[in-house]
Each structure stands twice: as C-alpha cells, then as structure tokens.
Amino acid sequence: RCETILYDSRDKFKGPCSWASFRSSCEDAVSFVNCEDYNGYTVQVDEAYCGNCDLFIGHRFFDGIAKGDTSVHATNWRH
C-alpha cells in the first residue's frame, strides 16, 4: 500500500506452503506482535505489519530450519 520494500529476494527460500518464505525482513521495514495460541502451533508465531504504514502482511514462525531453510544464513524464522 505504501510501497515500502519489506523483503530482499536474497533472504527467500522454499518453505512448506505456496507463499514464498523469507528468513528475515529488511531492517525496520516490518514490525511484529506475538500471537497467543495461533492455530495450535507449538512454535512462536508473530503477526507481521508494515513498519511504515502498519498494514497487516502476514505471520512469521520460529520453525524455518525445520520447514526447509538450509542456508548457512538461516535464522530459524520463516516469514
């Protein structure tokens, strides 16, 4: 909506769903709010918002390595 660049393609990896997965966002581009009991997940789940205009853009999960991030730069986060 505000044209802020949120993610860099160098941080993209093939995750478990049809959406692209990213191991991190661009600095200060995304803010996060913890979700309590999100769909029965047993890992930390946060809601993700544009850091500029506060638009809800999705979720991040603390299961990136378990879900396919094999990069040496893996952070275990999957956005």
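**Rings, strands and a buried asparagine**

Phe62 has a relative accessibility of 36%, so this residue counts as partly exposed. That value, like everything described here, comes from a predicted model. What does the ring of Phe62 pair with? Its partner is Trp77: the two ring centres are 4.9 Å apart and the planes meet at 65 degrees, so the arrangement is edge-to-face. Both residues belong to the segment after S5, yet they are 15 residues apart, and the pair links distant parts of the chain. Trp77 has a relative accessibility of 15%, which falls under the 20% limit, so Trp77 is buried.

Arg60 lies over the face of Trp77, 3.9 Å from the ring centre. The charged end of Arg60 also sits over the ring of Phe32, at 3.7 Å from the centre of that ring.

Let us turn to the strands. Three of them form an open sheet in the order S3-S4-S5, and their pairing is antiparallel. At the edges are S3 (30–35) and S5, each of which pairs on one side only. On average, neighbouring strands in the sheet are turned by 30 degrees against each other, with direction ignored. How many bridges join S4 to S5? There are five, between S4 (residues 45–50) and its antiparallel partner S5. As one example, Ala48 has Gly58 in S5 as its bridge partner.

Back to the aromatic rings, which make six pairs in total. In one of them, Tyr49 and Phe56 have ring centres 5.5 Å apart and planes at 65 degrees; because an angle over 60 degrees counts as edge-to-face, this pair is given that label. Is Tyr49 buried or exposed? Its relative accessibility is 18%, so Tyr49 counts as buried. Phe56, at 40%, counts as partly exposed. Elsewhere, ring pairs bring Tyr38, Tyr41 and Phe61 together in a cluster.

Our last stop is Asn76, found in the segment after strand S5 (56–61). Asn76 has a relative accessible area of 17%, so this residue is buried. Which residues does Asn76 touch, leaving aside its neighbours within four places in sequence? They are Phe61, Phe62, Asp63, Gly64, Ile65 and Ala66. With Ile65 there is a further detail to find: a polar atom of the Asn76 side chain lies 2.9 Å from the backbone nitrogen of Ile65. Phe62, where we began, is thus among the contacts of Asn76, and Phe62 is also the ring partner of Trp77.

Definitions and conventions
Residues are numbered from 1 along each chain as its sequence is written. This is a predicted model: local features need pLDDT of at least 70, side-chain atom pairs count only at pLDDT 80 or more; totals for chains, interfaces and linings use all residues. Side-chain values use heavy atoms; hydrogens and water are left out. Helices (H or I, at least four residues) and strands (E, at least two) are DSSP runs, numbered from the N terminus. Buried means under 20% relative accessible area, exposed over 50%, partly exposed in between (1.4 Å probe, protein chains only). A polar contact is a pair of N or O atoms within 3.5 Å; within protein, one must be able to donate a hydrogen and the other to accept it, and residues adjacent in sequence count only if both atoms are side-chain atoms. Contact means heavy atoms within 4.5 Å. Rings of Phe, Tyr and Trp (its six-membered ring) pair if their centres lie within 6.5 Å; planes under 30 degrees apart count as stacked, over 60 as edge-to-face and the rest as tilted. A charge sits over a ring if NZ of Lys or CZ of Arg is within 6 Å of the ring centre and within 35 degrees of the ring normal. Two strands pair if DSSP finds at least two bridges between them. Axes are lines fitted to C-alpha atoms, for helices over the stretch in contact, and angles run from 0 to 180 degrees between N-to-C directions.
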